[in-house]
Amino acid sequence: MLHRFYCLVVLSLFASESVFAQDLFDQNIQYNIIVDTEDDSTIQVSYEVLFTDKKNRDKKFFETTAQDSFLMILMQDIAQQDQKKNKILFYIHGMWGGRRMNFNHAYDLMSEAYLDHRESDLARILSLKWPGNKMDYKKNKRTLYQTSSQISDLMFSLLRKIQAIDFLDDSYSTGIDMIAHSLGNELFSEMLLDLEYENTYYPFFDQIIMAASDNEVDIFESASFAKKLLRIGQATHVYFSTRDLTLGVSKNLNKRSRIGLSGPQNYDSIPEAITFIEVTEIMDDNNFSDKMTGHSYYRSSPSVTEDMLFTMINKSKKNRKVSEDYPNLYYIITN
């Protein structure tokens, strides 16, 4: 409790500095948690805040290894947003997604789809950049498993601090949604399995979106994973496509299908708060490579990104059709 009080005191002091005036936050600011490792087992963590100038070039605004300093800027920013548009989108990228060029490309598309949409209630994207950028898929997975416990402790404690500040200070009234992509979902599931059950007493997220997930097809049949998942979010939404070429490669490497490729192997065992959305028919991605691979619709398909946004804001999805066989399976259809 003393630490939470300290955070609030520092935030108050921070708010009084003229260098952090209101107009500084009137732009699209990136908030990135950067996790690195030299030995594939011990993580190093830093934090950065970046903003984009009028020429659309990244300029570093703030960099630190102190989590509280990073949170001070983020929460002061959130405090100055409109109460109807002040939520945070927590984002976990997939393999190679942390490379600067790949990350910035994805971020720009996500910013347009989720922050700039006229009906969005999202103000900022809070990104976890994890060490999944090696060329070798198996090495990335090995690093993921070796570091997931440390990343879990880092991220869930950070998210709790955001919630504590929001709860204790009337200046804030925010919430957190989550999107994880591809192999980032495997990191997320490992983080969740590493989370102590007693720390799931209060949800971390409103809506959880697992896009093109590289998890096993029976991930939701793991009692420990499903039980914790139901406690940390209001609902979970799993998007998949049977024409996902990237996950087709993963299927061959893992000798087993992926849940983001074929959906679950048993719909009857899935809890009501977990829904599946098939997007195989959708091919309106905004560039040729994403359209061909069918793997990056969470950022590149206007139809899918709007469906995801409407999921997060609890608005009716106009292009969905429910399955005749399973009440928790939907299809996004073409107009």
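The chain holds 11 helices and 11 strands, where helices (H or I, at least four residues) and strands (E, at least two) are DSSP runs numbered from the N terminus. This is a predicted model, in which local features need pLDDT of at least 70, side-chain atom pairs count only at pLDDT 80 or more, and totals for chains, interfaces and linings use all residues. Residues are numbered from 1 along each chain as its sequence is written, and side-chain values use heavy atoms, with hydrogens and water left out.

## Overall dimensions

For 335 residues, a compact globule would have a radius of gyration near 20 Å, and the chain agrees with this at 19 Å. The radius is taken over C-alpha atoms, and the globule rule is 2.2 Å times the number of residues to the power 0.38. Along the principal axes, the C-alpha atoms fill a box of roughly 55 × 45 × 35 Å.

Of the 335 residues, 56% are buried; buried means under 20% relative accessible area, exposed over 50%, and partly exposed in between (1.4 Å probe, protein chains only). The chain exposes about 15,100 Å², of which carbon and sulfur atoms supply 51%. These areas come from the Shrake-Rupley method with a 1.4 Å probe, and for residues only the protein chains shown count as cover. Among contacts (heavy atoms within 4.5 Å) between residues at least 6 apart in sequence, 74% join residues at least 24 apart.

## Salt bridges

Side chains of opposite charge can pair when their charged atoms come close. With a salt bridge defined as a side-chain nitrogen of Lys or Arg within 4 Å of a carboxyl oxygen of Asp or Glu, the count comes to 15 salt bridges. Three of these pairs are listed here.

| Pair | N to O distance |
|---|---|
| Asp68 and Lys161 | 3.3 Å |
| Arg124 and Asp77 | 2.7 Å |
| Asp206 and Lys87 | 2.7 Å |

The salt bridge of Asp68 with Lys161, at 3.3 Å between the closest N and O atoms, links distant parts of the chain: Asp68 belongs to helix H2 (residues 67-79) and Lys161 to helix H4 (residues 137-168), 93 residues apart. Lys161 has a relative accessible area of 21% and is therefore partly exposed.

Arg124 and Asp77 are both buried.

Asp206 and Lys87 form a salt bridge at 2.7 Å. Asp206 lies in strand E7 (residues 205-211) and Lys87 in strand E4 (residues 87-92), so the pair connects parts that are 119 residues apart in sequence. Lys87 counts as buried because its relative accessibility is 12%. Elsewhere, salt bridges that share partners join Asp214, Glu216, Asp218, Arg256 and Arg258 into one network.

## Buried polar residues

Asn32 is located in strand E1 (residues 29-37) and counts as buried because its relative accessibility is 0%. The side chain of Asn32 makes a polar contact of 2.9 Å with the side chain of Gln30, and another of 3.0 Å with the side chain of Glu48. A polar contact is a pair of N or O atoms within 3.5 Å; within protein, one must be able to donate a hydrogen and the other to accept it, and residues adjacent in sequence count only if both atoms are side-chain atoms. Leaving aside neighbours within four places in sequence, residues in contact with Asn32 include Tyr47, Leu50, Phe70, Phe103 and Ser127. Val49 is 17 residues from Asn32 in sequence and 6.5 Å from Asn32 in space, C-alpha to C-alpha.

Ser111 is in helix H3 (residues 100-115) and, at 3% relative accessibility, is likewise buried. A 2.3 Å polar contact joins the side chains of Ser111 and Asn28. Not counting residues up to four places away in sequence, Ser111 touches Asn28, Asp116 and Ile125.

## Ends of helix H7

Asp244 caps the N-terminal end of helix H7 (residues 245-254), with a side-chain oxygen 3.1 Å from the backbone nitrogen of Thr246. Just after H7, Lys255 takes a positive phi of about 60 degrees.

## Nonpolar surface patch

Met283, Phe288 and Met292 form a nonpolar patch on the surface, with about 330 Å² of accessible area together. Patches are made of residues with over 30% relative accessible area and no salt bridge; like charges are joined within 9 Å, and nonpolar side chains (Val, Leu, Ile, Met, Phe, Trp, Tyr) within 5 Å. Phe288 is placed in helix H9 (residues 288-293) and is exposed, with a relative accessible area of 64%.
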